[in-house]
Amino acid sequence: MVKAVFAGSFDPPTNGHLDIIKRASGLFESVDVVVSVNPEKKTMFSEEERVQFLKELIKPFGNVSVHSYKGIIVNYAKEVGAKVLVRGVRSANDFGYEFELALMNQNLNPDIETVFLQSKEKYAIVKSSSIKQLAQFGGDISRMVPSIVADALKKKYE
């Protein structure tokens with residue numbers, strides 16, 4: 001049984017995130033989606049809101065669960081017995097950053113592998129920060145985020 005972890009800030013969760021979750025759920029016995037909590041980082045949505053979004057969005061996937069964690073994600077993986085960290089990659093820039101992160105995680109725990117899942121082309125430009133900015137100015141984000149997220153963003157900017 002191979003357990004995987006897909007971690008991120010998910011502020012907010014996007015259709016790109018959901019695509020990676022769906023694909024990871026087909027590759028691994030179980031997947032923990034982890035809302036990484038960094039007290040230094042200012043987020044639009046609270047930890048609880050992000051967890052609730054994801055709990056609603058993962059309902060179709062029986063082998064996926066949602067958690068939050070304050071700390072180094074490779075430590076979370078070790079604590080829960082996961083052998084794989086899943087990372088989504090949209091571009092060459094993403095890959096460079098993620099590659100360096102994977103090397104650091106490998107140094108912290110060589111027993112945990114990092115698997116990169118490339119973004120589907122239609123999600124390559126979907127970035128949480130861009131979505132928030134677009135929503136702020138009333139732009140159409142309906143193809144970038146699930147409807148519950150689009151509604152929540154609209155309420156934040158009213």
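Q: Is Phe10 buried or exposed?
A: Phe10 is buried, because its relative accessible area is 1%. Buried means under 20% relative accessible area, exposed over 50%, and partly exposed in between, with a 1.4 Å probe and protein chains only.

Q: What sort of model is this, and how are residues numbered?
A: This is a predicted model, in which local features need pLDDT of at least 70, side-chain atom pairs count only at pLDDT 80 or more, and totals for chains, interfaces and linings use all residues. Residues are numbered from 1 along each chain as its sequence is written, and side-chain values use heavy atoms, with hydrogens and water left out.

Q: Where does Phe10 sit?
A: Phe10 lies in the loop between E1 and H1. Its phi is near 50°, a positive value in a residue other than glycine.

Q: Which residues form an aromatic cluster?
A: Phe95, Phe99 and Phe116 form one aromatic cluster.

Q: What is in contact with Val149?
A: Leaving aside neighbours within four places in sequence, Val149 is in contact with Pro12, Pro13, Phe53 and Leu57. Contact means heavy atoms within 4.5 Å. Val149 belongs to helix H6 (residues 147-156), and it counts as buried because its relative accessibility is 0%.

Q: How far is Val149 from Ile72?
A: Val149 and Ile72 are 27 Å apart in space, C-alpha to C-alpha, and 77 residues apart in sequence.

Q: What about Ser129 and Met44, how far apart are they?
A: Ser129 and Met44 are 85 residues apart in sequence and 9.9 Å apart in space, C-alpha to C-alpha. Ser129 lies in helix H5 (residues 128-136) and is partly exposed, with a relative accessible area of 44%.

Q: Changing topic, how many helices and strands are there?
A: The protein chain has 6 helices and 5 strands. From the N terminus on, the elements run β-α-β-α-β-α-β-α-β-α-α. Helices (H or I, at least four residues) and strands (E, at least two) are DSSP runs, numbered from the N terminus.

Q: What is the radius of gyration of the protein chain?
A: The protein chain has 15 Å, which agrees with the value near 15 Å for a compact globule of 158 residues. The radius is taken over C-alpha atoms, and the globule rule is 2.2 Å times the number of residues to the power 0.38. Along its principal axes, the C-alpha trace spans about 45 × 30 × 30 Å.

Q: What share of the residues is buried?
A: Buried residues make up 45% of the 158 residues in the protein chain.

Q: And what share of the contacts comes from residues 24 or more positions apart?
A: Such residues account for 76% of the contacts in the protein chain with a separation of 6 or more.

Methods:
Rings of Phe, Tyr and Trp (its six-membered ring) pair if their centres lie within 6.5 Å; planes under 30 degrees apart count as stacked, over 60 as edge-to-face and the rest as tilted.
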